[in-house]
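User: Please take me through this model, starting with the terms that the discussion will need.

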Amino acid sequence: MKKIIGIIPCDNGLGHITRSIELASYLSKQYKIVFFINKKKIKKVHIPTYIKKVFINKIFIFKKNKYNYNWINKVKKNIYSQKIDFLISDNLPEIIYLNLKCLIIANFFWHEQLKMKKFPLKKLNNTIQKKKIKIFRNIIFKNKEKFEYFGFLGKLKKSIKKEDSILISFGSDDKFNNIINKELKKIIYDKNRKHKILLDPIYFRKKFINLNVEKANFSKKMYEKTKYAIIKPGFGSIQKCLENGTKLFCYTKYCNVEFNRNANAIKKAKLGIKIDNIYKCYTLIKNNYIMFPNLTNKKIWGGEIKILSQIKKELKTTRK
């Protein structure tokens with residue numbers, strides 16, 4: 001009988017959720033998967049039918065630098081009811097307080113980014129150390145702290161013929177910004193533009209269709225064919241761009257600490273460019289004044305293999 005693996009991602013945005021779905025699909029070849037998700041988010045993502053879904057209330061509260069670290073008490077009955085053998089969280093360290101074997105995937109923690117004064121950090125760290133919980137961090141965020149490092153999920157896909165196109169996107173939770181809209185119009189109405197624009201739905205207008213502009217649909221096919229991407233650097237968007245060999249610009253103006261941290265890591269790893277002016281991005285692309293790295297380095301891929309190896313190891317041991 002297959003062991004049951006539970007996966008519970010942070011529901012701030014879609015990046016943690018989409019990464020967790022990809023991991024769930026891979027692990028489902030060897031385990032039965034139970035995916036815990038906020039019901040409101042299910043409409044924005046695709047979870048394969050062979051993965052069991054359990055709906056839970058919203059976990060993340062991002063308001064006035066507050067993070068609801070007691071969320072675990074509200075959902076533990078849902079988790080225990082599924083009789084899972086192992087639990088994985090994406091950026092939710094509080095799972096360590098459950099009586100379950102577990103591991104955490106986290107490139108950062110919200111209590112660190114928000115610099116919360118009342119967060120029970122000492123208790124958290126002591127419990128992680130006592131239970132010997134493994135924390136997996138993406139290799140581009142590697143530092144001197146004691147983490148397990150793993151690559152992006154999946155691998156670089158086989159090269160296909162790219163359209164001469166630019167994706168411009170700001171994330172699922174973004175709001176309309178007048179300054180950004182003005183920059184976009186300069187690009188859209190450039191009479192000398194040769195690139196097709198795949199535009200964020202928030203800023204798309206039907207009248208743009210005749211100007212070689214399409215509404216971005218974020219499909220698998222779209223990412224496969226897109227040559228350039230100017231994005232707010234959420235980890236899910238970064239993953240999709242890199243695995244499809246899309247040349248990446250990380251737009252950071254008006255972004256919070258998470259996106260700036262992602263952009264800095266991408267820049268340091270020389271996987272893309274950090275920039276705070278959309279029109280400048282477009283100018284660099286237009287003038288072909290950019291060079292990008294070779295993404296075939298095996299060290300940055302195959303993260304799911306290392307996660308699977310750790311799960312197998314954990315399920316063979318008895319944790320005190």
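Analyst: A residue is called buried when its relative accessible area is under 20%, and exposed when that area is over 50%. The model discussed here is predicted.

User: How many residues of strand S1 are buried?

Analyst: Strand S1 covers residues 4-9 and is mostly covered. By the cut-off of under 20% relative accessible area, the buried residues of S1 number six of its six.

User: Which residues of S1 point the other way from Ile4, Gly6 and Ile8?

Analyst: In a regular strand, side chains alternate between the two faces of the sheet. Ile4, Gly6 and Ile8 point one way from S1, and these residues are buried. Pointing the other way, and also buried, are Ile5, Ile7 and Pro9.

User: Which residue in S2 stands opposite Ile7?

Analyst: S1 and strand S2, residues 32-38, run parallel and are joined by four bridges. Within this pair, the residue of S2 opposite Ile7 is Phe35.

User: What is the radius of gyration of the chain, and why is the chain described as being as compact as a globular protein of its length?

Analyst: The chain contains ten helices and 13 strands. For 320 residues the globule rule gives 20 Å, and the chain comes close to this, so it is as compact as a globular protein of that length. Its radius of gyration is 20 Å.

User: What percentage of the contacts with a separation of 6 or more joins residues 24 or more positions apart?

Analyst: Buried residues make up 53% of the 320 residues in the chain. Among contacts with a separation of 6 or more, the share from residues 24 or more positions apart is 65%.

Technical notes
Residues numbered from 1 in each chain as written. Predicted model: local features only at pLDDT ≥ 70, side-chain atom pairs only at ≥ 80, totals over all residues. Heavy atoms only, no water. Helix = DSSP H or I, 4+ residues; strand = E, 2+ residues; numbered from the N terminus. Rg over C-alpha atoms; globule rule 2.2 N^0.38 Å. Buried < 20%, exposed > 50% of the residue type's maximum accessible area, 1.4 Å probe, protein only. Contact = heavy atoms within 4.5 Å. Pairing = 2+ DSSP bridges.
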